[in-house]
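Please look over the structure shown below before reading on. The report that follows takes up a few side chains and their surroundings.

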Amino acid sequence: MAAADAAIYVVVMPVAEMDYVPLHPRREEDYAGFRAALSDLAAQTVARVIDPAQPGWSIAEFADPLHLNGAGADRPTDWLAGSVDNP
């Protein structure tokens, strides 16, 4: 497949937002900057940003703020399969 024919997806993996934000030095300001950068990327490129609705993930689905546990592991696979354009 030629590069011109390739679809480009940026997948934002879910995080336990309430626990994740304090890990950044400027907390909510840093997280808001990340969200703004995603919006800019989607607006300025051909990349499609696939982002799970936040909130929507339970803390019970995470082993820690950045990693899903067994209970949450199947959700992103199912969600991503339904979000990607299939030829």
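Is Asp-30 buried or exposed? Asp-30 is buried, because its relative accessible area is 17%, where buried means under 20%, exposed over 50% and partly exposed in between (1.4 Å probe, protein chains only). The model is predicted, so that local features need pLDDT of at least 70 and side-chain atom pairs count only at pLDDT 80 or more, while totals for chains, interfaces and linings use all residues. Residues are numbered from 1 along each chain as its sequence is written, and side-chain values use heavy atoms, with hydrogens and water left out.

Asp-30 belongs to helix α2, residues 28-44; helices (H or I, at least four residues) are DSSP runs numbered from the N terminus. Its side chain is joined to that of Arg-26 by a polar contact of 2.8 Å, a term for a pair of N or O atoms within 3.5 Å, of which, within protein, one must be able to donate a hydrogen and the other to accept it, residues adjacent in sequence counting only if both atoms are side-chain atoms. Not counting residues up to four places away in sequence, Asp-30 touches His-24 and Pro-25, contact meaning heavy atoms within 4.5 Å.

The C-alpha atoms of Asp-85 and Ala-7 are separated by 8.7 Å, although the two are 78 residues apart along the chain.

| Residue | Relative accessibility | Class |
|---|---|---|
| Asp-85 | 55% | exposed |
| Tyr-31 | 10% | buried |
| Phe-34 | 36% | partly exposed |

Definitions and conventions
Helices (H or I, at least four residues) and strands (E, at least two) are DSSP runs, numbered from the N terminus.
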